[in-house]
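Student: Hi, could you walk me through this one? I'd like to go from the overall picture to some single residues.

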Amino acid sequence: ILIGTVIAYTAAYLNRLNLSAALSGVMEAFSISASTAGLLQTAFASIYAAGQLVNGAIVDKISPVRHLLIGLIGSGLCNLFMGFSPSFGFFIAMCMLNGAFQSMLWTPIVRLFALCFHTEQQRGKANFIHSFALVIGHFCAWAISGFLIDTVGWQLSFIVPAMVMAPVVISVFIYLQPVQNIDANTTTHADKRGNEATVQAFYALAATGFFLILISSVLYGFVRDGIITWAPEILRKLTDDSALSATAFSLIIPAINAVGVWLGYCLIRRGDRNTRKMIAYMNFACVGFCMFLPASPNVLLAALLMGLSCASLFGLNPLLTTLVPLEYDKIGRTGLTAGLIDSFIYMGSALAGVIDGGIYEKSGLNALYLTWILSGLAGTIAVYLSGTRHSIQALND
């Protein structure tokens, strides 16, 4: 089951983060500005966020495997059509549709974790291993798409990942065969209590600081996807538009992310088991690295600092998107909380697309860096307050 979900989400990231690697080629092909290009990320993330609200609400009641497979197939087809786009209008429409299919992938995976891994130790290890799907997918998306755009053309940076999706869907179907028939009839006792007590569940979320988590999620998505979206373009400018050099330097970022994931796992194992405070510490580490970006005109130093910033964010990602939702398994709201958190993350991502593009175009890099620093600080405060003793006691109660 774990192998199946890792393959699925690696392919998902390959068909999602290829957009940022190919952004300069898309801008040149359709003759659009940086602020207009930022609309692509905003369009994708807006639809993705809305889709997470829907999928988070329904995934607790349907077959998660079937839901996952439909999302994979749809995302692959969207990327294929993006590679053959005749106009920017068609391209952005396919980008939005890709957001809808991508929003069908994460909540069923969290649901499978809740159904198939029952002890805290099992879930912790599964979550740690699965986190590398994000790192591998991120690295491969930038490596493959960056190489293709620099040597062949931007179109293949979408067509090749789409072709990879065909064997992936077959593999995922085979690996998840043992749980193909999980549906609403297999919900746990806690799930049934949750379904019968929607109002009580809402009050449980409020009492446990969950809405502060959502505020932090918006700010987290704004910083994370702001860096991921614009890092290749920033590094390209710092290397005087040397395409292959920019691609090589940009790969430092996903490579360092693996260290961040490992560090996040070590912190939660050796810390005080307060997941939310661990998230706050790693979020603040990202802010610290971003503070040095304005004084780093050197391309290698800029790549390292953005890599360390992303590593902190990728390290806290499994804590925020998996372990926090699994805290609500007792009331049968794992899928709902996972969907809400991921939805709010991509609301922040949607804001990052258009706001960062406008700031970068009109005010320059230092203003963009300052935006990330202030947003990261606000997100750190929100998630730290959600992990107070009062909210944790309410969660246990």
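Tutor: Happy to; we'll take the chain as a whole, then helix packing, rings and a few residues.

Student: Great. What should I know about the model and the numbering?
Tutor: This is a predicted model, where local features need pLDDT of at least 70, side-chain atom pairs count only at pLDDT 80 or more, and totals for chains, interfaces and linings use all residues. Residues are numbered from 1 along each chain as its sequence is written, and side-chain values use heavy atoms, with hydrogens and water left out.

Student: How many helices and strands are there in the protein chain?
Tutor: The protein chain has 19 helices and 0 strands. Those are DSSP runs numbered from the N terminus (helices: H or I, at least four residues; strands: E, at least two).

Student: And what share of the residues is buried?
Tutor: Of the 397 residues in the protein chain, 60% are buried. Buried means under 20% relative accessible area, exposed means over 50%, and partly exposed is in between (1.4 Å probe, protein chains only).

Student: What about contacts between residues 24 or more positions apart?
Tutor: Those make up 85% of the contacts in the protein chain with a separation of 6 or more. Contact here means heavy atoms within 4.5 Å.

Student: On to packing. How do α12 and α16 pack?
Tutor: Helix α12 (residues 210-238) and helix α16 (residues 299-326) have axes 10 Å apart and an angle of about 150°. The axes are lines fitted to C-alpha atoms, for helices over the stretch in contact, with angles from 0 to 180 degrees between N-to-C directions. The two helices α12 and α16 are therefore roughly antiparallel. The cut-offs are under 35 degrees for roughly parallel, over 145 for roughly antiparallel, 65 to 115 for roughly perpendicular, and oblique for the rest.

Student: Is that crossing left-handed or right-handed?
Tutor: α12 passes α16 in a left-handed crossing. Left-handed means the near helix is turned anticlockwise from the far one by less than a right angle, and right-handed means clockwise. The residues of this contact between α12 and α16 divide into 18 nonpolar, 3 polar and 1 charged. In that scheme Ala, Val, Leu, Ile, Met, Phe, Trp, Tyr, Cys and Pro count as nonpolar, Asp, Glu, Lys and Arg as charged, and the others, Gly among them, as polar.

Student: And where do α3 and α4 meet?
Tutor: L23, V26 and M27 in α3 meet A34, A37 and L40 in α4. The residues of this contact of α3 with α4 are 6 nonpolar, with no polar and no charged ones. The axes of α3 (residues 23-30) and α4 (residues 34-58) come within 10 Å and cross at roughly 120°, and α3 and α4 are therefore oblique to each other. Their crossing is right-handed.

Student: What sits in the loop between α3 and α4?
Tutor: S31 lies in that loop. S31 has a positive phi of about 55° although it is not a glycine, and with 66% relative accessibility S31 counts as exposed.

Student: How does α4 run against α17?
Tutor: The helices α4 and α17 are roughly antiparallel to each other. By class, the contact of α4 with α17 has 16 nonpolar, 14 polar and 2 charged residues.

Student: Switching to rings: how many aromatic pairs are there?
Tutor: A search of the whole structure finds 14 aromatic pairs. One of them is Y9 with W106, a tilted pair at 5.1 Å centre to centre with 50° between the planes. Y9 lies in helix α1 (residues 2-14) and W106 in helix α7, so the pair ties together parts that are 97 residues apart in sequence. Rings of Phe, Tyr and Trp (its six-membered ring) pair if their centres lie within 6.5 Å; planes under 30 degrees apart are stacked, over 60 edge-to-face, and the rest tilted.

Student: Are Y9 and W106 buried or exposed?
Tutor: Both Y9 and W106 are buried.

Student: Which residues does L105 touch?
Tutor: Not counting residues up to four places away in sequence, L105 touches Y9, A12, L68, G71 and L72. L105 is found in the loop between α6 (88-102) and α7 (106-116), and L105 is buried, at a relative accessible area of 1%.

Student: Last one: how exposed is R123?
Tutor: R123, in helix α8 (residues 120-151), counts as buried at 12% relative accessibility. The C-alpha atoms of R123 and L323 are separated by 8.2 Å, though 200 residues apart along the chain.
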